Amino acid sequence: MELTERHVEGLKELLYKMADDQLIIGHRNSEWTGLGPILEEDIAFSSMAQDKIGQSHALFELLNGLGENEPDIVAFTRNSNQFHNCQLVELPIGEYDFSLVRHFYFDHAEALRFEALMDSSFEPLSMIARKYKGEIKYHTLHADSWLKILAKGTEESFTRIQNNINEFFPHALGIFEQGDYEKELIEADIFIGEEALRTRWYEKISALLTSFGYSVPALDSATPIYGGRKGVHTPSLQPLLDEMTEVFSIDPTAEW
């Protein structure tokens, strides 16, 4: 199928939100470096942060091939209202229980997104989805392992994880905010669409959380926190961007 201008715009919209999600959550995860509760977790979050920033760079390169600016320019010269990441990924790292629940929610969504994109009609994107499948699988296994461990830990560990599952479920639903070109993406077999992805995600996380012993928030009990895909963000994003772009502002020739 020949891609129309609207198909290309839809593809850009999809790539921007994916790349921005990965870049911002990668930066947030990197903030655990030196702060992890145990050395192995310090290393694990640092490693996952590197993976996500690498994935974002690959997606920014695809955007460059579609006529957008070079990856460094796109990543480091926009203000918060020009970013398309969901609000979940920009929230401060908080306590470890929050970061683990965000990790669980987001990485299962990404794993299923990349799995669906392996069949994308846009071959460069399907190749990226195949390339990073193993990395993202590791990320979900890490999240699953810790939620399972903490469910069987103390009453406090179980309660803290359950409270975060409940509190940030609306933010997690914000991952699946639909764009303006959803119909075109589905029509061209570029992507299955956010609604279908959300269905797969909810089935997956519900089965896992139930098996660990947690209760699962009902879909109809939460109002999704949207806005991020349209450039509406929390006050937490701009300070993160200021910190993230500090080196580039001093030396634009620096490599990342």
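## Exercises on a predicted model

The largest nonpolar core has 67 residues, and Phe-104, Tyr-105, Leu-125, Trp-201 and Tyr-214 are those with the most contacts inside it. Helix α5 (residues 96-117) gives the largest share of this core, 10 residues. Keep in mind that the model is predicted. Let's work through it together.

**Exercise 1.** Find out which residues Trp-201 touches, leaving out those up to four places away in sequence.

*Solution.* 
Step 1: Start with Trp-201, one of the residues with the most contacts inside the largest nonpolar core.
Step 2: Look for its partners. Trp-201 touches Tyr-105, His-108, Ala-109 and Leu-112, and also Phe-169, Ala-172, Leu-173 and Phe-176.

**Exercise 2.** Describe how α5 and helix α8 (residues 155-167) pack.

*Solution.* 
Step 1: Two packed helices are described by the angle between their axes and the distance between the axes.
Step 2: For α5 and α8, the angle is about 50° and the axes are 9 Å apart.
Step 3: Angles from 35 to 65 degrees fall between roughly parallel and roughly perpendicular, and count as oblique. α5 and α8 are therefore oblique to each other.
Step 4: Name the residues that make the contact. On α5 they are Asp-97, Phe-98, Val-101 and Tyr-105; on α8 they are Arg-160, Ile-161, Asn-164 and Ile-165.
Step 5: Sort them by class. The contact of α5 with α8 has five nonpolar, one polar and two charged residues.

**Exercise 3.** Decide whether Lys-17 is buried or exposed, and list what Lys-17 touches.

*Solution.* 
Step 1: Locate Lys-17 in helix α1 (residues 5-30).
Step 2: Buried means under 20% relative accessible area. Lys-17 has 5% relative accessibility, so Lys-17 counts as buried.
Step 3: Leaving out residues up to four places away in sequence, Lys-17 touches His-84, Asn-85, Arg-113, Glu-177, Glu-194 and Arg-229.

**Exercise 4.** Classify Ser-145 by its accessibility, then relate Ser-145 to Phe-212.

*Solution.* 
Step 1: Ser-145 is found in helix α7 (residues 133-151).
Step 2: Ser-145 counts as partly exposed because its relative accessibility is 38%.
Step 3: Ser-145 and Phe-212 are 67 residues apart in sequence, while their C-alpha atoms are 9.7 Å apart in space.

**Exercise 5.** Say what stands out about phi of Asp-189.

*Solution.* 
Step 1: Find Asp-189 in the loop between α10 (182-187) and α11 (194-212).
Step 2: Most residues other than glycine have a negative phi.
Step 3: Phi of Asp-189 is near 60°, a positive value.
Step 4: Asp-189 is also exposed, with a relative accessible area of 53%.

Technical notes. Residues numbered from 1 in each chain as written. Predicted model: local features only at pLDDT ≥ 70, side-chain atom pairs only at ≥ 80, totals over all residues. Heavy atoms only, no water. Core = buried A, V, L, I, M, F, W, Y, C linked by side-chain atoms within 4.5 Å. Buried < 20%, exposed > 50% of the residue type's maximum accessible area, 1.4 Å probe, protein only. Helix = DSSP H or I, 4+ residues; strand = E, 2+ residues; numbered from the N terminus. Contact = heavy atoms within 4.5 Å. Axes fitted to C-alpha atoms, helices over the stretch in contact; angles between N-to-C directions. Parallel < 35°, antiparallel > 145°, perpendicular 65-115°, else oblique. Nonpolar A, V, L, I, M, F, W, Y, C, P; charged D, E, K, R; others polar.
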